[in-house]
Amino acid sequence: MTKKLTLSLDPSVIDFAHNFSKKSSVSISKIVENYFRELMKPEPDDMKREVIAMCGILAGRNLPDKKQMRKIFHEDHID
């Protein structure tokens with residue numbers, strides 16, 4: 001069961017939220033809910049917030065495979 005929540009936001013933030021919602025095809029309510037759900041997740045004791053923020057930063061990037069990485073390392077570090 002869902003309940004209503006009223007938010008007071010700066011008009012520029014509201015405009016951004018509407019545009020983002022249209023672009024992503026996700027309702028503002030769902031965006032806000034997802035954000036708060038992320039905040040509810042417990043942080044691992046041994047990780048700082050900065051490290052957690054970097055998790056997934058390379059997702060979707062074209063990274064070299066193991067052989068390419070070895071070649072790059074040896075070219076740069078071994079004469």
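Is Ser25 buried or exposed, and what is its relative accessible area? In the structure examined here, which is a predicted model, Ser25 has a relative accessible area of 68% and is therefore exposed, since a residue counts as exposed when this value is over 50%. Ser25 is found in the loop between H1 and H2, and its position in the chain is just after H1. The backbone of Ser25 takes a phi near 55 degrees, which is a positive value in a residue other than glycine.

The confidence of the prediction was considered next. The protein averages a pLDDT of 87, and 92% of the residues score at least 70. Confidence is highest in H1, at a mean of 96, whereas in H3 it is lowest, at a mean of 78.

Helix H1, which covers residues 11-24, is made up of 14 residues, and the distance from its first C-alpha to its last is 20 Å, which is close to the 20 Å expected at 1.5 Å a residue. Phe16 and Phe20 both belong to this helix, where they are four residues apart, or about one turn of the helix.

A search of the whole structure for aromatic pairs finds two. Phe16 and Phe20 form a pair that is stacked, with 5.9 Å from centre to centre and 25 degrees between the planes. The accessibility of these two residues was also computed: Phe16, at 55% relative accessibility, counts as exposed, while Phe20, at 38%, counts as partly exposed. Tyr35 and Phe36 form an aromatic pair as well, with ring centres 5.7 Å apart; because their planes stand at 65 degrees, and planes over 60 degrees apart count as edge-to-face, the pair is placed in that class. Phe36 has a relative accessibility of 45% and so counts as partly exposed, since this value lies between the limits of 20% and 50%.

The largest pocket has a volume of about 680 Å³. It is lined by 19 residues, of which Leu7, Ile28, Ser29, Val32 and Glu33 are the closest to its centre. The elements that give two or more residues to this lining are helix H1 and helix H2, the latter covering residues 28-40. H2 gives the most to the lining of the largest pocket, with seven residues. When the residues of this lining are divided by class, 13 are nonpolar, three are polar and three are charged.

The second largest pocket has a volume of about 240 Å³. The residues that line the second largest pocket are Tyr35, Glu38, Leu39, Lys41, Pro42, Glu43, Arg49 and Ile52. Two or more residues of this lining come from H2 and likewise from helix H3, which covers residues 49-54. H2 gives the most to the lining of the second largest pocket, with three residues. By class, this lining holds four nonpolar and four charged residues, and no polar residues.

Key
Residues numbered from 1 in each chain as written. Predicted model: local features only at pLDDT ≥ 70, side-chain atom pairs only at ≥ 80, totals over all residues. Heavy atoms only, no water. 1 Å grid on protein atoms, 1.4 Å probe; cavity = no way out; pocket = protein on both sides within 12 Å on 5 of 7 lines; lining within 4 Å. Points joined across faces, edges and corners; volume = space filled by probe spheres on them. Nonpolar A, V, L, I, M, F, W, Y, C, P; charged D, E, K, R; others polar. Expected span 1.5 Å × (residues − 1). Phe/Tyr/Trp six-rings, centres within 6.5 Å; stacked < 30°, edge-to-face > 60°. Buried < 20%, exposed > 50% of the residue type's maximum accessible area, 1.4 Å probe, protein only. pLDDT = per-residue confidence, 0-100.
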